Amino acid sequence: MKLDPRIPGGPLADKWTKFKTNVPLVTPANKRKYEVIVVGTGLAGASAAASLAELGYRVKSFCFQDSPRRAHSIAAQGGINAAKNYQNDGDSVKRLFHDTIKGGDFRSREANVYRLAEVSVNIIDQCVAQGVPFAREYGGMLANRSFGGAQVSRTFYARGATGQQLLLGAYQALSRQIGLGRVRMFPRHEMLDLVLDEGRAQGIITRNLVTGELTAHEADAVLLCTGGYGNAYYLSTYARGSNVTASWRAHRRGALFSNPCFTQIHPTCIPVSGEYQSKLTLMSESLRNDGRCWVPKSAGEKRSAAQIPEGERDYFLERLYPSYGNLAPRDIASRAAKRVCDEGRGVGPSGLGVYLDFSEAIGRLGESTVKERYANLFSMYHEITGESAYESPMRIFPAVHYTMGGLWVDYHLMSNIPGLFVLGEANFSDHGANRLGASALMQGLADGYFVLPYTIGDYLSKQKPGGKKTNRQAEAFWQATETVQARTKKLLGIRGTKPVSDFHRRLGKILWDQCGMSRTKKGLEQGVEEIRGLRQEFWENVNVPGSGEDLNQSLEKAGRVSDFLELGELMCRDALERDESCGCHFREDHQTAEGECERRDEKFSHVSAWEFQGEGKAEVRHAEPLSFEEVQLATRSYK
Amino acid sequence: MKLHLRVWRQKGREAEGQFETYEAKGLNPNMSFLEMMDVVNDELTKEGKEPVAFEHDCREGICGSCAMVINGEPHGPNKGATTCQVYLRSFQDGETLTVEPWRARAFPVLKDLVTDRSAFDKVIQAGGFVSVNTGQAPDANAMPIGKEDAEKAFDAAHCIGCGACVAACRNGSAMLFVAAKVSHLGMLPQGQPERGERVRKMVAAMDAAGFGNCSNQYACEAVCPKEISADWIGRMNRDYAVSAVKKL
Ligand SMILES: Cc1cc2nc3c(=O)[nH]c(=O)nc-3n(C[C@H](O)[C@H](O)[C@H](O)COP(=O)(O)OP(=O)(O)OC[C@H]3O[C@@H](n4cnc5c(N)ncnc54)[C@H](O)[C@@H]3O)c2cc1C
Ligand code: SF4
Ligand code: FES
């Protein structure tokens, strides 16, 4: 299969402008005739749904939560990047582009990333106009902080709740369109299948999570804005409901899945404290502006942090990466933390933790300034651990946080299925093998506010709007509904002995051990085998109580975990086939003398794209080669 | 550690509900309240019974999904915390806890501890926004906003839409929620053009959704997990009065 990314010609810096100038338009009178389905109301989905409705399209919007405002984006803490150069510190579109490509270890598409950097500036303007209360300086201008992988201050923030404020901005824009009757909102609806007709996306099947009713929704185009799949690992910083179901069901209908093994493990999360634990809590990367990571110099240290003198501490990030220090990118910082723990120098009861110390910052800035910057994070830490980070250093450890992989899309954000678009974390497009902090919010809003509203015009202008369903189409919807019904029935019929959570936890453990921060051929092969066994056991012995005709949270979870059990195998296979190290994907057999990633550009300078072959059959791997015109491929260095 | 739980069970919107009792055993004080509910639910599942339906998502106090009344208090005993941020170390070993859904006319129970809070969305749809289309915005620094004003706007904007304020109020009033949004937008220059219209429309939608009146007891402020100040209610009332006069 040949994958055409449909990148416009011409110099990199002119591509997007050229595209916008030449893209065919749909006239205002005709826009009304097109209906677009938007699944997901996070930053990507809410911004897309609102913007499309403003343009005049008819929109149906879906989310599984009780309100669109509760999408997982709400939890983002630290900030959003934009190349505004308000600090006059040398930032530019080109620099943001460069940082992102390098941060992703040269595994993303230049044209997409350049466009992302370009529209980043419009995002901040739009959000401020909506009333997003970003942090400000005394003179009334917008404030910035620094995030990992950058040497400029380009991160905009609203205390420790940037995602909340951005999402509420988008939610309010969406609400306005709902109020005007241009968007029909379906909360508590879960998409369980994609419907195709002659290879084009025609609609979706949803389950009403309160009544259990299955409904077929038709449209001229379908947008998946359904977020990332990090919950495959069970423990992660994601909201509990985040899942891969929408993407995975589309994948089963033919949408290619790219780079599934690229999962981000974030260095600063609160360590696991017990078996019962249901989620891991992020301590925002912004803390590394002022917090210093250290462990004792010698293994087996028993003294408390305060008793360890300065000379016996190893500020390992500052030592290893002097020019970026504590703000080294996430993949690098996480691996460094893992390594010092593997050496027996980890702290806390489990030995799986490092200190994040604010005493120097408190001395330098005073406690009140530190409080002003991070109060909500410190109080979150206190609530969970019962400890005060003003008095003793935080203990942190890496945790699963984000997925760079996702459904394959071209420059238009369209998947290989015509009419199926994928936005936000659900696509694979912009972050390569590692995402820089504060860039996911940027990407979600770029896709939804500024990219898709243009690119969808190209597709729709060539389609005849809606009209009456043909018999053939009706058959496709009927068949998809049947498929969903059969799966639900099967899940409810097993009545085995183990709750869904049992399988999910075990899947998570396999993935964390074999497809986590460091990977080996043998481990991955074992992972594939173990997951297959677990999946079989699931379908024989899971217990899903209740019925399909009302609110049944066990059934919802079972459906999602059944998809994770298929995805998990593909993640391991993708990691197995990518016989190199890059970004988050660290294969032990490919490392430099200093223990950093060793890429194999001659063989793996490409995006993997997996094609589903049918139940129980091995998926086929395709590749989209990456060509670099602007940047020089180089070994990433943050030294 | 162990706890005795009395949990509200209700099959559906129209069904009659009742309390059922469960023993939660083998607990750890560092567990969150919802992690305890997970354990209880896995046990119920193993016994072939239906687990307790309850809402949750982020489990870190920001999405506003979780909503339980624990021993009569919305979101439980901790000040400035949501249900998901309550840890078992807040309770005594062997204690009995009563767990109920939000109870308010505008939030009907759908099942067990899950209620329908879509009335909040309706209030926002009526006017809780700035009418600016994508692409119309001027440069973000074109309009300076004082640091203190921005901070105050954030304080109001931090509401998570959980509905605890309504659940705590004898009258089931949504004044704190509505006042928080009216004040967030009404305080910023971007929100000025629609300021009067916004408050009128949102208050009308609030009344239409079946929320009760405010009788100035401020039980709402006491339970709000984001410590939204009841002063915003006074501010909204003034905005409303001014706007109503202007309209005459
Ligand atoms: C704790 C935390 C902090 C973060 N902080 C930052 C930060 O500071 N800066 C940054 O840039 N990034 C941050 N990120 C990453 C960022 O928040 C996410 O990548 C981003 O918000 C994803 O947005 P989205 O719109 O793609 O998807 P989401 O916000 O995940 O939304 C998914 C939507 O899809 C819906 N959905 C999913 N499946 C279905 C289905 N089958 N049927 C119907 N609806 C469905 C959901 O209901 C939801 O509305 C953070 C992530 C975490 C976990
Ligand atoms: S005002 Fe407070 S209690 Fe009421 S919805 Fe908002 S956050 Fe919840
Ligand atoms: S689960 Fe999100 S606030 Fe409690």
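1. Which residue in strand 17 of chain A is the bridge partner of Leu223(A)? The model is a predicted one, and in it Phe421(A) is that partner. Strand 9 (residues 221-224) and strand 17 of chain A run parallel and are joined by three bridges.

2. These strands belong to an open sheet of five strands in chain A, with the order 5-2-1-9-17 and parallel pairing. Strand 5 (183-186) and strand 17 (420-422) of chain A each have a single partner strand, so one side of each has no neighbour in the sheet. On average, neighbouring strands of this sheet are turned by 20 degrees against each other, direction ignored.

3. Helix 12 (residues 440-460) of chain A lies across strand 1 (35-39), strand 9 and strand 17 of chain A. Its direction is at about 150 degrees to strand 9 of chain A.

4. The largest pocket has a volume of about 810 Å³. Its lining comprises 35 residues, and Leu235(A), Val272(A), Lys509(A), Trp512(A) and Asp513(A) lie nearest the centre. Helix 14 of chain A gives the most to this lining, with seven residues. By class, the lining has 17 nonpolar, nine polar and nine charged residues.

5. Ligand 2 is surrounded by 13 residues, the closest being Cys159(B), Cys162(B), Gly163(B), Cys165(B) and Cys224(B). Helix 4 (164-168) and helix 5 (175-187) of chain B are the elements that give two or more residues to this shell. The shell around ligand 2 holds 11 nonpolar and two polar residues, and no charged residues.

Note on methods. Residues numbered from 1 in each chain as written. Chains lettered and ligands numbered in written order. Predicted model: local features only at pLDDT ≥ 70, side-chain atom pairs only at ≥ 80, totals over all residues. Heavy atoms only, no water. Near = heavy atom within 4 Å. Helix = DSSP H or I, 4+ residues; strand = E, 2+ residues; numbered from the N terminus. Nonpolar A, V, L, I, M, F, W, Y, C, P; charged D, E, K, R; others polar. 1 Å grid on protein atoms, 1.4 Å probe; cavity = no way out; pocket = protein on both sides within 12 Å on 5 of 7 lines; lining within 4 Å. Points joined across faces, edges and corners; volume = space filled by probe spheres on them. Pairing = 2+ DSSP bridges. Axes fitted to C-alpha atoms, helices over the stretch in contact; angles between N-to-C directions. Contact = heavy atoms within 4.5 Å.
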